[in-house]
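Reader: Could you walk me through this one? I'd like to start with the ligand site and then move on to the packing.

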Amino acid sequence: MSRLALSLRINGVTHDVLTEPHRTLLDVLRDDLGLTGTKENCLEAECGVCTILLDGRAVNSCILLAAQCQGREIVTIEGLARAGVFVPLQQAFVDHGAVQCGYCIPGMILAAQAYLDECPEPTDDGIREALAGNLCRCTGYQKITDAVTAAARGLARARTTQ
Amino acid sequence: MSFEYHEPTSIADAVALGARFGEAGRFLAGGTDLIIQMRRGRVAPRHVLSLHRVTGLDRIEVDGAVRLGALVTHRAIEQCPHFQGPLGALVEGAEVIGGHQIRNVATVGGNIVNASPAADVVPVLLALNATVTCLGPDGERTLPLGGFLSGPGQTARRPGELLTSIRFDRLPPRSATAFLKAGRRKAMEIAVVCVAVRLTLDAARERCQEARIALGAVAPTTMRAGAAERALEGQPLTDEILRRAGRLAAGECAPIDDVRASARYRRLLVETLVPRALRRCLDRIGRAA
Ligand SMILES: Cc1cc2nc3c(=O)[nH]c(=O)nc-3n(C[C@H](O)[C@H](O)[C@H](O)COP(=O)(O)OP(=O)(O)OC[C@H]3O[C@@H](n4cnc5c(N)ncnc54)[C@H](O)[C@@H]3O)c2cc1C
Ligand code: FES
Ligand code: FES
């Protein structure tokens with residue numbers, strides 16, 4: 001089988017990997033690079049646990065070939081906090097008790113972060129819609145939307161006081 | 001999944017690779033249909049031709065006509081300012097496809113070539129009389145979208161041919177469009193039935209000058225409801241006439257029973273959604289006046 005030498009830019013670091021064409025970014029993240037914050041579940045783009053940011057946009061890494069990511073900017077949940085300090089959205093998830101088992105949370109946070117980057121003043125419906133591709137079997141979603149709303153408010157406040 | 005991976009960087013490159021591999025090759029756009037079908041073993045191309053480095057296929061051009069590059073994403077359609085007015089059904093169709101993660105990568109070209117009878121943007125394009133342009137070893141050809149779709153998962157695309165663009169005319173004055181989708185829940189759901197309608201009123205705003213009705217998930221391909229369209233043209237759009245169009249559309253579609261719904265329920269939905277979509281168009285034309 002043919003092998004591909006890829007140079008992948010993940011969380012600001014370049015990783016050289018040798019892989020096969022059929023392997024997804026999710027496979028490479030988890031199995032080759034040990035970045036297991038990105039979760040694996042349905043493998044059919046239904047549940048959202050594998051969500052990462054590709055050039056700033058939320059995408060499902062389970063249906064994205066690693067080969068398609070060469071030269072593009074990838075952010076996983078491991079790359080969000082700076083020097084061990086949570087970004088406001090992560091802190092809001094903690095503060096609002098929005099995390100139970102935690103399995104859906106990396107994808108949830110990245111999808112929400114991409115949405116807030118695009119739409120800094122979201123409505124409740126907008127948040128729910130933006131997270132429609134992320135399933136959670138524990139929380140009932142309310143605390144998750146609360147956390148995203150609170151993070152958006154906090155960020156708006158920070159912008160006006162700056 | 002086992003295949004050779006290729007990354008053409010121009011349209012000419014993509015067409016050359018398409019011609020070289022023919023049936024053994026598949027173009028990869030957003031991969032939201034293709035990768036899943038490959039993983040399920042439903043298709044097994046020996047060559048995958050990723051289009052993400054091909055430039056010039058992700059543009060939306062609007063002058064007298066509208067041209068969508070095949071790689072325009074559903075998200076780009078949702079956010080395009082040109083589609084906020086009379087062409088709003090395009091946004092209504094695009095914004096109900098999957099979640100953000102899907103719409104960020106899934107393309108209009110993929111929606112068409114995948115040829116699911118339940119596709120959401122396809123009926124809107126059909127109601128807009130869209131044509132599709134393909135480029136292959138034998139050159140370029142342009143076909144009406146209705147003729148391009150030939151069966152579930154089947155199109156008139158020749159092996160290796162690249163779909164490059166979709167084109168339709170802008171709407172005359174006194175026109176509007178509407179798209180309605182019935183599913184079992186609001187998001188992340190394949191349509192049980194979807195309906196796209198385009199309506200133009202006559203100069204007196206009293207009668208229907210032209211009507212186009214497209215139905216999804218009720219036949220082997222997305223279809224036009226021709227009898228219902230004819231029953232509207234030249235008529236004053238009374239509630240009774242709109243309901244009659246709904247009954248005719250329900251009669252001319254050919255739904256099946258499946259896990260999502262029975263054929264009977266699908267016909268009932270068509271009967272209800274067609275007049276509702278037409279009424280929405282009337283409201284929109286009224287409001288724009
Ligand atoms: C979770 C989920 C939810 C979904 N929900 C919906 C929904 O609600 N409504 C809906 O309509 N669809 C839905 N889909 C299906 C899918 O997202 C759409 O059909 C999408 O538009 C496909 O586009 P793509 O770019 O991902 O196509 P791909 O998967 O890349 O390609 C699809 C097919 O088209 C061919 N192809 C793609 N581009 C070209 C081209 N330019 N020239 C020639 N051939 C080409 C490919 O070879 C392949 O056969 C959903 C999918 C998932 C996974
Ligand atoms: S594992 Fe990718 S969406 Fe479920
Ligand atoms: S917290 Fe358990 S799945 Fe969401």
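Author: A residue is taken as near a molecule or strand if one of its heavy atoms lies within 4 Å of it. With that cut-off, residues from chains A and B surround ligand 1, so the site is shared between chains. This is a predicted model, in which local features need pLDDT of at least 70 and side-chain atom pairs count only at pLDDT 80 or more, while totals for chains, interfaces and linings use all residues. Residues are numbered from 1 along each chain as its sequence is written, chains are lettered from A and ligands numbered from 1 in the order in which they are written, and side-chain values use heavy atoms, with hydrogens and water left out.

Reader: OK, which residues come nearest to ligand 1?

Author: Phe27(B), Thr32(B), Asp33(B), Thr107(B) and Asp120(B) come nearest, out of 35 residues around ligand 1. By class the shell has 17 nonpolar, 9 polar and 9 charged residues, where Ala, Val, Leu, Ile, Met, Phe, Trp, Tyr, Cys and Pro count as nonpolar, Asp, Glu, Lys and Arg as charged, and the others, Gly among them, as polar.

Reader: And which element gives the most to that shell?

Author: H6(B) does, with 4 residues; helices (H or I, at least four residues) and strands (E, at least two) are DSSP runs numbered from the N terminus. In chain B, strand E2 (25-28), helix H2 (34-39), helix H6 (108-114) and strand E10 (162-169) each supply at least two residues of the shell.

Reader: What lies 2.7 Å from an oxygen atom of ligand 1?

Author: That is an N or O atom in the side chain of Arg26(B), a polar contact in the sense of a pair of N or O atoms within 3.5 Å (within protein, one must be able to donate a hydrogen and the other to accept it, and residues adjacent in sequence count only if both atoms are side-chain atoms). A nitrogen atom of ligand 1 lies 3.3 Å from a backbone N or O atom of Gly98(B). The protein buries 95% of the 990 Å² that ligand 1 exposes when taken alone, with areas from the Shrake-Rupley method and a 1.4 Å probe, and for residues only the protein chains shown count as cover.

Reader: Switching to packing, how many residues has the largest nonpolar core?

Author: It has 74 residues, and Leu68(B), Phe83(B) and Ile112(B) are among those with the most contacts inside it. A nonpolar core here is a set of buried Ala, Val, Leu, Ile, Met, Phe, Trp, Tyr and Cys residues joined through side-chain atoms within 4.5 Å, and buried means under 20% relative accessible area, exposed over 50%, and partly exposed in between (1.4 Å probe, protein chains only). Helix H7 (residues 121-127) of chain B gives the most to this core, with 6 residues.
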